[in-house]
Amino acid sequence: MISFKASDLHRQARQQLQQATAPKRLVLIHASIALGSTLLLAVLNFLFSLLIDDTGGLSGMGTRSLLSTAQTLMETVVMMALPFWQIGLTFLALRWARNDSVQTGHLLQGFRRFGPVFAFRLLYGFVFLALGFAAIHLASVIILMTPFSEALVDALSPMMDPSATAEQIEALFSPEKLSGMLDAAIPLFVVFGIIFLIAAIPVFYRLRLGEFAVMDGLGSGGALLHSLRITKGSWRHLVKLDLHFWWFYVLQVLCNLIANGNLLLPLLGISLPMGKEAAYFLFFGLGTALQILILWQFQGQVLTSYAVVYDTLSPPQAQPQ
């Protein structure tokens, strides 16, 4: 009998990893490149900012433009490449779950399947964008049926007045007016958040195994449909598995808090005996190092557990190469 008990899935994943060749080394390589690239990007952005600041005046306009273009291009390349690098570990988890051999080059599988992965990301994002539009529409209808709509309508009505002058429209975007609009819109945001969560959580878990499907050889649409099909009536097992790994996600949140310590400590009234730039890189570097350590130690077990669920719910669609 197939067991979907989270502890059993976790134990099976550990057993599969014990038979694999150096899985922690591959996870360490993956995490170091993924997180190290963001740290390197922060350092390069800082250096670019220093160079741009040194090119003051009209004579340095061309140099500033060139440096700004190079900085934007560098950020775009890194941010575009990271999702395809990240999904490479999903491919490794599938092979670990199946006792298949794994090589370092398999981490590049996301780039080798660039088209399906890119299309999958677009479709996945479109699903939640559509949910967001539907939720905000429904929330607006609900709010309009309550007394909360009066303050919001009063705040927005000048923007819909066809006789309003440009000066009157511009005045609506003053800090005081914008603050009033935001206050009036709080009930709308609350209702929207509730509706979106109610709708998005089941959809998120129904599509949770789509990344495994696309790395298993399916196309973007086929991967989403396959995930919907195999998680029908079973998506709550994935919720329980997430809850089983609560400590893993909490540790990552703590690492992110440490990485932003330069912003959080002053809010707590703790002054830092260093400059802003030094504090930024100190906490960002520390948080990044700790997160790499956590991923190195645990991410293989966590991701392979989900790969075991994927293979348990469905036969392999295609043997990864």
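Helices here are DSSP runs of H or I with at least four residues, strands are E runs of at least two, and both are numbered from the N terminus. The patch covers about 680 Å² and consists of Trp246, Val250, Val253, Leu254, Leu257, Leu264 and Leu267. The elements that each give two or more residues to the patch are α13 (246-259) and α14 (261-267). A patch joins residues with over 30% relative accessible area and no salt bridge: like charges within 9 Å, or nonpolar side chains (Val, Leu, Ile, Met, Phe, Trp, Tyr) within 5 Å. A salt bridge places a side-chain nitrogen of Lys or Arg within 4 Å of a carboxyl oxygen of Asp or Glu.

Val250 lies in helix α13. Its relative accessible area is 38%, so Val250 is classed as partly exposed; buried means under 20%, exposed over 50%, and partly exposed in between (1.4 Å probe, protein chains only).

## Model and overall composition

This is a predicted model, in which local features need pLDDT of at least 70 and side-chain atom pairs count only at pLDDT 80 or more, while totals for chains, interfaces and linings use all residues. Residues are numbered from 1 along each chain as its sequence is written, and side-chain values use heavy atoms, with hydrogens and water left out.

The protein has 15 helices and zero strands. Of its 321 residues, 37% are buried.

## Nonpolar cores

The largest nonpolar core has 59 residues, among which Leu92, Trp96 and Phe212 touch the most other members. Helix α15 (residues 276-313) gives the most to this core, with ten residues. A second, separate core of six residues includes Ala135, Ile143, Leu188 and Ile195. A core is a set of buried Ala, Val, Leu, Ile, Met, Phe, Trp, Tyr and Cys residues joined through side-chain atoms within 4.5 Å.

## Helix α4

All ten of the ten residues of helix α4 (residues 88-97) are buried, so the helix is largely enclosed by the rest of the structure. Among them are Leu92 and Trp96. The buried residues of α4 pack against α1 (6-18), α2 (23-53), α3 (61-86), α5 (109-112), α10 (210-214) and α15. Contact means heavy atoms within 4.5 Å. Asn99, with a positive phi near 60°, follows α4.

Note on methods: Accessible areas come from the Shrake-Rupley method with a 1.4 Å probe; for residues, only the protein chains shown count as cover.
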